[in-house]
Amino acid sequence: MYAVIETGGKQYRVAPGQTVDVDTISGDIGAAVEFDRVLAVSNDGGLSVGDAVKSARVRGKITAHGRGDKILVFKFKRKKQYKRTIGHRQDYTRVQVEEIVG
């Protein structure tokens, strides 16, 4: 059994017991979180999408907050003596998926 959820503008395929890193969600470590934007649910019988999954929910628990690896962005224009280096680290929240309801 798995579900496709949307959070932070991104879509994730999750299953019970799986740990997933999503964009930052407010809440303390150990707090319960519920994703109500479920796009698809796969049961033993098949895949349900659209109106069939409007009442579906994915429940989980926040296990950690952190920051991803640094990504370096290097801008360069030849013959113009232009060079810029910029770094970025994306914040994330690690969520342990507990159950898929619906």
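Student: Is Asp 23 buried or exposed?

Tutor: Quick background: this is a predicted model, where local features need pLDDT of at least 70, side-chain atom pairs count only at pLDDT 80 or more, and totals for chains, interfaces and linings use all residues. Numbering runs from 1 along each chain as its sequence is written, and side-chain values use heavy atoms, with hydrogens and water left out. Now, buried means under 20% relative accessible area, exposed over 50%, and partly exposed in between (1.4 Å probe, protein chains only). Asp 23 comes out at 19%, so the word is buried.

Student: Which residue forms a salt bridge with Asp 23?

Tutor: A salt bridge here is a side-chain nitrogen of Lys or Arg within 4 Å of a carboxyl oxygen of Asp or Glu. The closest N and O atoms of the pair are 2.9 Å apart. The partner sits in strand β2 while Asp 23 is in strand β3, 13 residues apart; strands are DSSP runs of E, at least two residues, numbered from the N terminus. With Asp 23, the salt bridge is formed by Lys 10.

Student: How many salt bridges are there in the whole structure?

Tutor: Side chains of opposite charge can pair when their charged atoms come close. A search of the whole structure gives a count of 6.

Student: Why does the Arg 59 and Glu 34 pair tie together parts that are apart in sequence?

Tutor: Their salt bridge has its closest N and O atoms 3.1 Å apart. Arg 59 lies in strand β7 and Glu 34 in strand β4, so the parts tied together are apart in sequence by 25 residues.

Student: Which residues do salt bridges with shared partners join into one network?

Tutor: Two of the members are partly exposed: Arg 59 at 33% and Glu 34 at 42%. The network joins Glu 34, Arg 59 and Glu 99.

Note on methods:
Helix = DSSP H or I, 4+ residues; strand = E, 2+ residues; numbered from the N terminus.
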